[in-house]
Amino acid sequence: MSIASEITRLQTAKSNIKTSIENKGVVVSSSDKLDDYPSLIDSINISTQEKVVNPQNYTREITPDVGYRGLSKVVLDGVLVDAHDSYTSNTDSSVAYTKSVPSGALKYASLDKLGGMSYKCLNLKDLNYPTMSYYRNNLTDFNATSDNSTTRIRTESFAFKPTSNKTYYLNNIPSGISLIGIGAFNSNQEIISSAFTSSGNSFSTTSSNVEYIFILFGGSNFDSNTKTLFTQIGIFESNNIYEPYFEGIRDTAITSVKSYGANLLNISDVAETTYLGITYKVQNGVIYLNGLSQNEISLYFTINEQTLNGTYYYYVEASGTTSNTLPKAFRKETTNVVNLTDNNTISVLNRIVNRILIYIPNATTITNYTYKPMLVSGSTAPTTYYPYRGLIETKTIPAEVQALTGYGWGVNDTCYNYIDYEAKKFIQKVARVKAKDLTFNTTSVSNMFSASDLNSVIKIVANNETANLLCNVLTTTTANSVYGKSTTNIIGVVNNGGIWIYVNDNITTVQELYNYFTDNDYIYYELATPIETDISSYIDDGYIEVEGNGSLTFDNTYEQAVPSEITYLVEV
Amino acid sequence: MDKKEIELAIKNGVADKVYPKLVRDLINEKYSIYDELAIQRQRDTKPLEFEEYNNYCEQCKQEAKELLNIKKGE
């Protein structure tokens with residue numbers, strides 16, 4: 001290396017260093033010597049900044065302020081509470097007699113749809129005494145009535161044609177009494193031996209010839225008074241249900257909608273009283289206690305008498321102190337119904353309550369104890385205390401609307417007539433016809449009948465689809481199943497709108513079919529084109545006042561479930 | 001928000017509280033969140049696109065106020 005090349009190298013290095021320093025914001029004059037460069041490098045600004053920013057809902061850059069080289073830390077200040085989601089709508093479309101109002105629901109809910117539902121009786125035969133005669137008898141002769149057995153008792157013989165291989169249930173058999181067997185007779189009233197098999201409360205037969213039966217029960221020491229036990233027994237296709245028998249079909253028409261508050265407990269006010277060292281009072285549902293008990297004390301507070309049946313949540317807000325636990329219970333007068341644990345569920349099976357008991361052990365010190373109990377339906381704990389309100393609002397359906405053809409009719413959860421509050425119309429999707437009013441004809445299939453009266457109005461379905469039909473004496477199925485006589489007592493809609501019916505092989509003529517039906521037998525069917533009726537002059541805006549955790553009841557004569565659509569605005 | 005929710009909000013006196021949600025829903029009818037982020041990111045390079053988007057958002061705000069019966073200036 002020569003001296004000249006070394007000088008060149010140093011000059012180049014100095015120039016590069018100068019550039020680097022200038023790139024970092026420090027001015028380097030051409031007269032500055034290399035000896036000055038360290039102080040120039042020291043003057044480079046390397047300070048960084050910490051910044052606190054608020055989160056936003058759009059993209060942006062966070063940059064250091066003037067005088068800073070960069071950011072050492074960025075802090076997001078707090079959480080962006082998105083007010084967009086403070087409320088959400090909640091629509092309940094269930095079929096029910098009573099519905100729970102969601103927790104957090106705002107004051108007004110919207111009645112969107114109020115529908116009807118038609119029910120056929122699930123009870124195939126009420127075995128109620130004295131409507132049904134009972135005999136102490138183990139004979140099987142038809143109409144035998146001699147009274148000679150103390151351990152067996154049977155019903156009178158009655159018409160009952162079971163579907164072969166179908167299981168039936170005798171529900172509500174009294175305790176201590178059991179099903180022994182079923183006697184069977186054919187249409188000629190001749191005994192069919194061993195026609196039925198039974199187990200527990202269920203029975204079935206493989207025979208298709210049974211026309212009459214009697215039921216044999218076992219027990220002990222039956223006497224003439226024992227017959228009174230035989231009430232509310234029925235024959236059903238499902239186990240563990242009961243309803244009294246009724247003819248035909250019941251239409252469930254809503255007469256009013258009632259809104260109830262969340263808190264089921266209405267504790268009567270009590271003026272301030274001192275007893276055995278404890279001063280107590282009740283005011284607006286709140287129990288106040290104070291003092292030192294001089295003996296065991298049972299304090300009974302009157303509540304609104306009601307029947308509890310199901311699961312409830314017993315919610316309590318309390319303040320103050322007690323030196324001993326205070327056991328509590330619901331009672332009917334002085335009879336204990338259910339013990340209470342604060343902020344816990346209780347289960348009660350159909351019991352009446354009219355008092356709440358608070359028991360105070362002897363020598364208990366109570367200091368400014370405030371006790372606010374609340375009872376709500378269901379097992380979910382409320383988030384806050386609600387004072388008792390009871391019935392908040394009743395929205396009565398106008399008589400003019402209730403009088404409309406089809407009001408209260410419905411075939412199933414998706415096919416029913418209803419009030420549309422938004423459109424202010426009554427929508428009729430379901431019509432009905434008396435079975436005897438149809439014109440039946442025989443078909444190429446023996447024992448199968450058809451009717452074409454409804455071809456132009458009924459909603460048509462494919463032959464392998466089940467139409468929306470309801471008949472109290474026939475089970476709805478596909479047209480193909482009726483054609484194939486898959487079982488007895490069936491009805492279906494054909495793909496041209498016709499009705500096909502098959503009852504059983506004993507009904508061979510149109511006249512016999514007409515004789516099979518009574519004046520109470522109807523066929524409810526879905527219309528191809530729903531009928532809309534303007535009811536804007538009769539109904540209001542459809543809002544009803546509710547309370548979160550409260551309930552809505554859809555009043556109807558039979559207290560049965562009905563379809564409805566209710567929308568709430570719920571605080572999130 | 002559908003018509004039922006809007007009516008319920010008005011009836012329950014919370015129209016002002018659901019106003020932001022309705023505005024957001026109206027904007028989302030035309031612009032997805034990804035569309036909005038892209039437009040914002042290219043705000044300087046595609047100013048016409050941003051102006052169109054911004055005008056649309058302002059329309060949505062006005063429409064929401066009308067739907068919720070919120071008076072001007074509130």
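By class, 6 nonpolar, 1 polar and 2 charged residues make up the lining of the largest cavity (Ala, Val, Leu, Ile, Met, Phe, Trp, Tyr, Cys and Pro count as nonpolar, Asp, Glu, Lys and Arg as charged, and the others, Gly among them, as polar). The model is predicted, so local features need pLDDT of at least 70 and side-chain atom pairs count only at pLDDT 80 or more, whereas totals for chains, interfaces and linings use all residues. Residues are numbered from 1 along each chain as its sequence is written, chains are lettered from A in the order in which they are written, and side-chain values use heavy atoms, with hydrogens and water left out.

The lining of this cavity consists of Ile458(A), Lys459(A), Val461(A), Ala467(A), Asn468(A), Leu469(A), Val493(A), Tyr525(A) and Glu526(A). Its volume is about 40 Å³, and the count of cavities of 30 Å³ or more comes to 1. On a 1 Å grid over the protein atoms alone, a cavity is a set of points where a 1.4 Å probe fits but cannot get out, and a pocket is an open set with protein on both sides within 12 Å along at least five of seven lines; lining residues have an atom within 4 Å of a point. Grid points are joined across faces, edges and corners, and a volume is the space filled by probe spheres set on the points.

The largest pocket holds about 1,300 Å³ of space. Its lining comprises 38 residues, and those nearest the pocket centre are Leu124(A), Asn472(A), Val473(A), Asn489(A) and Tyr516(A). By class, the pocket lining has 17 nonpolar, 13 polar and 8 charged residues.

Chain B contains 4 helices and 0 strands (DSSP runs numbered from the N terminus, H or I of at least four residues for helices and E of at least two for strands). Along the sequence, the pattern of chain B is α-α-α-α. Its C-alpha atoms fill a box of roughly 45 × 25 × 15 Å along the principal axes.

Helix α1 (residues 3-11) and helix α2 (residues 15-28) of chain B have axes that come within 8 Å and cross at roughly 155 degrees (axes are lines fitted to C-alpha atoms, for helices over the stretch in contact, and angles run from 0 to 180 degrees between N-to-C directions). α1(B) is therefore roughly antiparallel to α2(B) (angles under 35 degrees count as roughly parallel, over 145 as roughly antiparallel, 65 to 115 as roughly perpendicular and the rest as oblique). Glu5(B), Ile6(B), Ala9(B) and Ile10(B) of α1(B) are in contact with Ala15(B), Val18(B), Lys21(B) and Leu22(B) of α2(B), where contact means heavy atoms within 4.5 Å. This contact has 6 nonpolar, no polar and 2 charged residues.

The axes of α2(B) and α4(B) come within 9 Å and cross at roughly 130 degrees, so the two helices are oblique to each other. The crossing of α2(B) with α4(B) is right-handed (left-handed if the near helix is turned anticlockwise from the far one by less than a right angle, right-handed if clockwise). Among the residues that meet are Tyr19(B) and Leu22(B) in α2(B) and Tyr56(B) and Cys57(B) in α4(B). The contact of α2(B) with α4(B) divides into 10 nonpolar, no polar and 3 charged residues.

Helix α3 (residues 33-41) of chain B and helix α4 (residues 47-67) of chain B also have axes that come within 9 Å and cross at roughly 130 degrees. α3(B) is therefore oblique to α4(B), and α3(B) passes α4(B) in a left-handed crossing.
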